[in-house]
Amino acid sequence: MNDTLTSDVTGRRVEVNGEHATVRFSGIVPPVAGGSFIRPNKVNFGVDFLTAIKNRYVLEDEPEEEEKEQTVIIGNKPVETIGFDSVVKQQSQLSKLQEVSLRNCAVNGAGDKRGIAQACPNIRSIDLSKNLLSSWDDVIAIADQLKHLEVLNLSENKLRFPSGLPSPTGTFSMLKVLVLNRTGVTWAEVLRCASGWPVLEKLYLESNNIIISERPADVLQTVKLLDLSSNQLIDENQLFLIAYLPRLEQLILSDIGISSLHFPDAGIGCKTAMFPSLQYLVLNDNQISQWSFINELDKLQSLHALSCARNPLTEEGSKDAQTTRQFIIAKIGQLRTLNKCVIQPEERRGAELDYRKAFGNEWKKAGGHQDPDKDRPNEEFLAAHPRYQSLCLKYGAPEDGELKTPQPFLLRNELLSKNLTFQLIWI
């Protein structure tokens with residue numbers, strides 16, 4: 001191992017037999033019992049960005065075409081060249097690139113200064129996932145040469161993020177989508193760098209063991225989509241720290257282990273001031289088992305799409321799966337899409353009518369009455385069924401006659417399903 005290599009490689013990301021690792025020590029090792037060390041010639045230290053681009057996107061010259069001698073003017077002097085056509089062809093190919101995927105291409109950095117800007121200045125989208133980038137500085141060195149960059153995927157690069165100053169002004173001035181899944185980034189590091197993302201709209205932070213430790217102040221204000229999936233340390237109190245991002249429309253919280261939710265600023269039948277723009281919420285693969293969680297979601301003033309598959313409350317394959325869907329629809333009044341299935345007006349009407357009937361007797365026992373002057377259901381019932389009173393206003397209070405007629409909710413849906421199947425077979 002030469003001196004340059006010895007002094008330069010500690011902390012770098014490398015590839016060994018298809019696996020990625022970080023160099024923690026570099027030097028001469030005396031004979032020792034135990035331990036595991038690798039010779040430098042067994043390690044892949046990667047290639048620079050431009051080399052990877054050329055390896056991936058530049059077409060090889062036609063093998064049978066003989067190189068032609070050309071005369072070009074450089075300055076004021078004519079210069080004879082051989083192979084000039086090949087250089088022009090390569091430059092033309094690279095300059096046209098707008099979307100680039102270099103996933104798992106062992107990219108370790110920018111390479112020669114300004115080389116990227118000169119060769120491929122029109123790149124707008126880059127997938128640099130699963131490479132050998134070691135630090136945020138490596139990323140900046142690349143992005144600083146791409147003035148039109150809008151989409152950047154850095155997933156599966158174990159990056160060291162700055163502990164001091166934020167990104168240089170202008171480096172990410174056009175960036176709208178940033179993917180940092182499985183990079184080891186912390187919430188504090190996100191906020192520190194975010195001042196350099198002035199127009200960012202989509203931020204993906206999956207699987208980083210993130211703890212939301214502070215409220216974003218003057219950063220992330222343009223973000224419309226935030227993915228915090230598979231960060232198992234996040235709880236409802238941490239979510240409240242991001243509840244006032246003004247443009248947040250989509251929040252992805254799959255597999256974070258959440259089981260409870262309560263908006264303290266909104267009582268029964270009221271809307272919360274939190275998440276004012278949130279339209280689409282994803283809660284798949286969590287520990288939601290109580291209907292009180294669903295009740296709270298009705299407090300979100302803009303929510304119209306929800307995914308909550310594979311929770312204890314919504315187990316797929318359960319015999320009550322259709323009943324559960326109907327109850328969720330009835331409990332969240334403004335919902336238009338549930339688990340990626342559009343809620344048609346007739347489905348909503350049926351769900352709300354059946355819900356009204358299903359809990360009619362409980363409503364009466366709790367103090368509910370067809371006479372508005374005598375209708376005083378207790379707080380316990382209203383807490384368990386916050387929308388029940390509004391459903392009674394919408395469709396009328398349930399009459400004694402319909403409550404006496406047993407019409408099991410699940411059986412009714414099974415009969416409808418069988419009838420639909422019969423029609424589909426014969427049409």
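Which residues lie nearest the centre of the largest cavity? They are Leu239, Leu253, Leu261, Phe275 and Leu281, from a lining of 14 residues. This is a predicted model: local features need pLDDT of at least 70, side-chain atom pairs count only at pLDDT 80 or more, and totals for chains, interfaces and linings use all residues. Residues are numbered from 1 along each chain as its sequence is written, and side-chain values use heavy atoms, with hydrogens and water left out.

**Cavities**
- The whole structure holds three cavities of 30 Å³ or more.
- A cavity is a set of points on a 1 Å grid over the protein atoms alone where a 1.4 Å probe fits but cannot get out; lining residues have an atom within 4 Å of a point.
- The largest cavity has a volume of about 100 Å³, the space filled by probe spheres set on the points.
- Its lining has 14 nonpolar, no polar and no charged residues.

**Helix α5**
- In α5 (residues 136-143), Trp136, Val139, Ile140, Ile142 and Ala143 are buried (under 20% relative accessible area, 1.4 Å probe, protein chains only).
- These residues are on the same side of α5 because they cover an arc of only 160 degrees around the axis.
- Their packing partners include α2 (49-57), β9 (151-153) and α6 (187-194).

**Confidence**
- The average pLDDT (the predictor's confidence in each residue, from 0 to 100) is 84, and 74% of the residues score at least 70.
- Residues 60-65 have pLDDT below 50 and, beyond near neighbours in sequence, two contacts in the model (heavy atoms within 4.5 Å).
- Where pLDDT is low, predicted coordinates should not be read in detail.

Methods:
Buried means under 20% relative accessible area, exposed over 50%, partly exposed in between (1.4 Å probe, protein chains only). Helices (H or I, at least four residues) and strands (E, at least two) are DSSP runs, numbered from the N terminus. The arc is that of the directions from the helix axis to the C-beta atoms. On a 1 Å grid over the protein atoms alone, a cavity is a set of points where a 1.4 Å probe fits but cannot get out, and a pocket is an open set with protein on both sides within 12 Å along at least five of seven lines; lining residues have an atom within 4 Å of a point. Ala, Val, Leu, Ile, Met, Phe, Trp, Tyr, Cys and Pro count as nonpolar, Asp, Glu, Lys and Arg as charged, and the others, Gly among them, as polar.
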